[in-house]
Amino acid sequence: MNAMRRAWESDLSYSFRHSPITVLAAFMVIVLFAGAILAPLIAPYSPFDPATLNLMNGFTPPMTPNTFTGETFWLGTDDQGRDMFSAILYGMRISLFVGFAAVLLALVLGVVAGLVAGYAGGWVDTIIMRIADVQLTFPSILVAMLIFGIAKGLTPPDMRDQMAIWVLIVSIGLSDWVQFARVVRGATLVERNREYVQAARLIGRSRSAIMFRHVLPNVTSPVLVIATIGLALAIIAEATLSFLGVGAPPTQPSLGTLIRIGQGYLFSGEWWILFFPAVTLLVLALSVNLLGDWLREALNPRLR
Amino acid sequence: MSFDHAQPRETLVSVSGLSVHFPIYAGLIRRQVGTVRAVDGVTFDVARGETLGLVGESGCGKSTTGRAILRLVEATSGKILMAGQDIASLGAEPLRRMRPRMQMIFQDPHASLNPRMTVGSIIAEPLTEHGTLRGRARQRRVEELLDAVGLNPDFANRYPHEFSGGQRQRIGIARALALDPDFIVCDEPIAALDVSIQAQVVNLLEELQERLGLTYLFISHDLSMVRHIADRVAVMYLGKIIELATRDALYDAPKHPYTQALLSAVPIPNPRVEATRRHIILKGDVPSPANPPSGCRFRTRCPIAEARCAAEEPAWRKLEDGRHVACHFAT
């Protein structure tokens, strides 16, 4: 009770409650995340199960009943007769899973690289940060496509569809670690000269213990902010890759795959196949981004 | 607590010819273009149980000396003998085993405690790293240490930001004491504290010294506080010790012109005496340690400098009363 009361009265909670846009963004994030997580319970159809599809239902406009069962397709169907509402829920699941996993990978890689570079200094620092600089000169979507292409070439053809999601995660994760590494390195350079780090050295603690037990907990708040904004970017990167046809396969459509399928029918009148996944992606990425922006301002003592 | 001269004491730490040079890099290919001689050939002994004061103005190398003795910065050359071992050349593992015997109390109590750790885990960390204490026994030791520095043992579960500067400094002292060290480097331990708190912390340090037989290297620029706590005092200028004497000898009859100038700057809390006293005002600034003057380093500001001072570096001489001084004219 006491802890809840303290949380409610904290600065973070105050700035949250007094920003209507942030509250709205948080609400949207919760609704969309819940929809994605609970998709098997909410969705009227299973879009991954070809047995439930009927081509006769193809291109049903929104709010139109199913020719066979009479159930309403709220958001219409695509060319295969797949219920768009179910497909969007399941697609969001894939988009979010890829986004979270890719950010987690980028975070772990970037934080470790940044800590080591910042704490060790010297040539270790030079090598790590030069690699980061070189990678930064390429657009990250290009890096992701490159990694995706190489990984796809290395996996056997019959496993490609199953591996596609994991390859997607690795390629987005590897293209985004630089942001984390730079920020963590900068913060580590400040922290490593503080006296509590010297006190730990005097005790005789090892370098890795000092890095992970002492420095790491003190450089996490910027990491949290980058991770949130990075999640929005990773979701968009996944959608971009899938839209370009190098991401999630049509058998496991993510939001990007749905948009790619839909854009083929945009000018023939079946606008809903493109429109609803695109709006979902927009709202999802925008809400996460707004939350990240708020977090950055709320956690930055200089902006208070 | 005065230093007993009649009874010769065992030397605990012996520093000889200690130098710490930092390279200066510049240009595109990071070529070394010079050297900052932060500490340049410092020699002194610290006897067991005594407090050696190390004074000097900002940037003279006193903190670097303290840090080099504990190997927080690497010495360029010189020896640091403690218990028969040369700390300056110890490998990583033998050094780690020596760590419990020498600790440090830091200047800034706001930076010296990890803000993300509880007070209990800060004090327990050295015990975990070196000790054999576990669980309940370790917790008892932490409470004992908190009690020893005058804090409530129930504070163990709180975080550093919940405490005042003086309380935090006490926590830092408890951490330094955790492993029963012989030798503690106090690096300006009171400089960041409120004046009303300074005396409390100094008294605590004296009380702990008496009770635990500690040896201090007390680094400070507060000459009055050093006079209060130190048995012997070393004065540093631009990386070198220029005078080393017992406290009373140094404060009553300074021999080196720099020591004389420093002491004349300490105000006396009596306006009549203060008004009639002669102040020695030094000209100019401290020269850069990257490019120290030839001969005697103090000659550029010294009121009694002669041609000889530029040509010849003064020897580290022992005078009749037992003090050491580096000046051609001191007798």
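Chain B of this predicted model is built from eleven helices and twelve strands. Its 331 residues would give a radius of gyration near 20 Å if they formed a compact globule, and because the value for chain B is 21 Å, the chain agrees with that expectation. Along the principal axes, the C-alpha trace of chain B extends over about 70 × 60 × 45 Å.

| Property of chain B | Value |
|---|---|
| Radius of gyration | 21 Å |
| Span of the C-alpha trace along the principal axes | about 70 × 60 × 45 Å |

Turning to the two chains together, 13 residues of chain A are in contact with 19 residues of chain B. On the side of chain A that touches chain B, helix H9 (residues 195–203) of chain A gives the most, with seven residues, and by class this side has five nonpolar, four polar and four charged residues.

One residue of chain A can also be described individually. A:Ala209 belongs to helix H10 (residues 207–215) of chain A, and it counts as partly exposed because it has 14 C-beta neighbours inside 10 Å. A:Ala209 and A:Glu297 are 88 residues apart along the chain, and their C-alpha atoms are separated by 31 Å.

Key. Residues are numbered from 1 along each chain as its sequence is written. Chains are lettered from A and ligands numbered from 1 in the order in which they are written. This is a predicted model: local features need pLDDT of at least 70, side-chain atom pairs count only at pLDDT 80 or more; totals for chains, interfaces and linings use all residues. Helices (H or I, at least four residues) and strands (E, at least two) are DSSP runs, numbered from the N terminus. The radius of gyration is taken over C-alpha atoms; the globule rule is 2.2 Å times the number of residues to the power 0.38. Two residues are in contact if their C-beta atoms, placed from the backbone, lie within 7 Å. Ala, Val, Leu, Ile, Met, Phe, Trp, Tyr, Cys and Pro count as nonpolar, Asp, Glu, Lys and Arg as charged, and the others, Gly among them, as polar. A residue is buried if 20 or more other C-beta atoms lie within 10 Å of its own, exposed if 12 or fewer, and partly exposed in between; C-beta atoms are placed from the backbone.
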